[in-house]
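Dear colleague,

Here is the structure I promised to pass on, with my notes following it. Please read them alongside the model.

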Amino acid sequence: MNTSETLADLVAAEDVLLFVNAAITATGQREFRSDAVGQQLSLDFLHAYVRVNYRRVYASSLALDINDHNAARIVLGLLETAGEASAEERRTEGRLIAARLALLPPQRVYRLFGEVRRAGINNRRTRAIMRDWLAARPDLGHDAVKYRGGVKTAARHIHLRCPEGAGPPAEVGAFLFRPGRLPRYEHRLLDAWRRAHYEQGAVAELPFTVAEGFAARHGMKREVFLKRAAPRMTRLERLRTHSVTQRPEIDLTAMPLTRLALYVLSLPFEQRAARRTQLTGALRTAARRAAGGHAGSWGRVHAVLDDSFSSSGSGQKRRRPLAVALAGHHLLEALAAPGVYRGLWTSGRGDALLVRPWGPTPLGMRVLDALEPGPGGAAPDRLVIVSDGWDNAPAGLAGEVLRVWRKRLDPGRRTAVVHVNPVYDADGFDVRRLAAGVPTAGIRDAEDLPALVEIARFAEGRTGAAELHAYLDRRVALFLGERETVS
């Protein structure tokens, strides 16, 4: 391979990693240092650039741990430009789209179907994908009540047959397109929706988000309504209403790790301290569950965790960067060998449960501390840095420390260093990096950290497009295999 081909491969690998980092972290919402418009424009460019130049990679990204916002955008982009793909590519893309739609929250899928209709995408393959997804829904009557506008839009776009007569299919059609025609419905939720217009007792039978509107219409007291609605609430609905009243109770041990960290950070310091045993136990339980088979396998792990003021996030992503750091702290503790984990916060705090966004970001000083030998005089096997990368006390020290460490003190790479960044930098079209030689990966949920460490190794510049494509092919095969096994 000549020099120009090698350079082209490296550029291609960098472009792919740039997009993957963006697809994991960016949601088009305001961040601490950039507004929503800048985020959206940056994402628009990246999606168009990668779809046109690396369509295979663009589709394969659906098999990675990207966020739902970008997964929906990729699906829309692939459907909108189906004419640019070969027949084989369309077949693979169709399988990837179907598998990814099955994982997306239904409200996001219905929103995507609305965008498909507005874009005028109505070819046979698109209609088949939408029809198959609707057919796989466990209860279309439930969806018709909870996501009425979305179901109606999708049914109209694909010309979904709604037969006359009795039975669930006909009832859903009548409910959506001929409301008030049937005196009653056999489907429990459809009939509860009908009765809720005049019967207060039927309100509690409805999905929580629908019942809220009827409760307000009937003038029900909030506490009474929440108590009655508790059995039908989802886990996130319970979490959202917990600040209003202590009902309903939340099972913290069942919550995902990053979501649990967000909940913990939303509590006042007094409550965190008073519930220390419960909250710490729940975080460690969630971390062990997220670590899975990797638990205890990472050897000596030292971590630098960013709790500077910028970790407060934005109004749309409130405390998200700090939550990723808190969740990452407990996950890394579970991944490390017993008794050898060391977590260092940029603020110098030693109590992870009481962290708050405060002060500058002295990453360089904390990296120096983290590279110090641990118990027994041994250097860490892994150094993990969880930060937005804005090293400013003093600026650039972390990158210089890591450069000297790698070049002079650890040229044999006995210590693996990786930087995971929860914040997308719209101006740089990537997550902000500390140093050229430090592999960096975007992260949204701390649970994805083990997989992201594997992706980050491609950012070191020692592997090219061939290795990256092989990795993507393995992830696609695993993703589609798991999906088809479940189906």
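Two strands are taken to pair if DSSP finds at least two bridges between them, where strands (E, at least two residues) and helices (H or I, at least four residues) are DSSP runs numbered from the N terminus. This is a predicted model, in which local features need pLDDT of at least 70 and side-chain atom pairs count only at pLDDT 80 or more, while totals for chains, interfaces and linings use all residues. Residues are numbered from 1 along each chain as its sequence is written, and side-chain values use heavy atoms, with hydrogens and water left out.

By that rule, β3 (residues 382–386) and β4 (residues 416–421) pair in the parallel sense over five bridges, and Val386 stands opposite Val420 in β4. Both strands belong to an open, parallel sheet of five strands in the order β2-β1-β3-β4-β7. Because β2 (342–345) and β7 (440–442) stand at the edges with a single partner strand each, one side of each has no neighbour in the sheet.

As for the side chains, the structure holds 12 aromatic pairs (rings of Phe, Tyr and Trp, the last by its six-membered ring, with centres within 6.5 Å; planes under 30 degrees apart are stacked, over 60 edge-to-face, the rest tilted).

A charge counts as over a ring if NZ of Lys or CZ of Arg is within 6 Å of the ring centre and within 35 degrees of the ring normal; Arg382 sits so over Trp298, 4.2 Å from the ring centre, and Arg432 over Trp390, at 3.7 Å.

Best wishes
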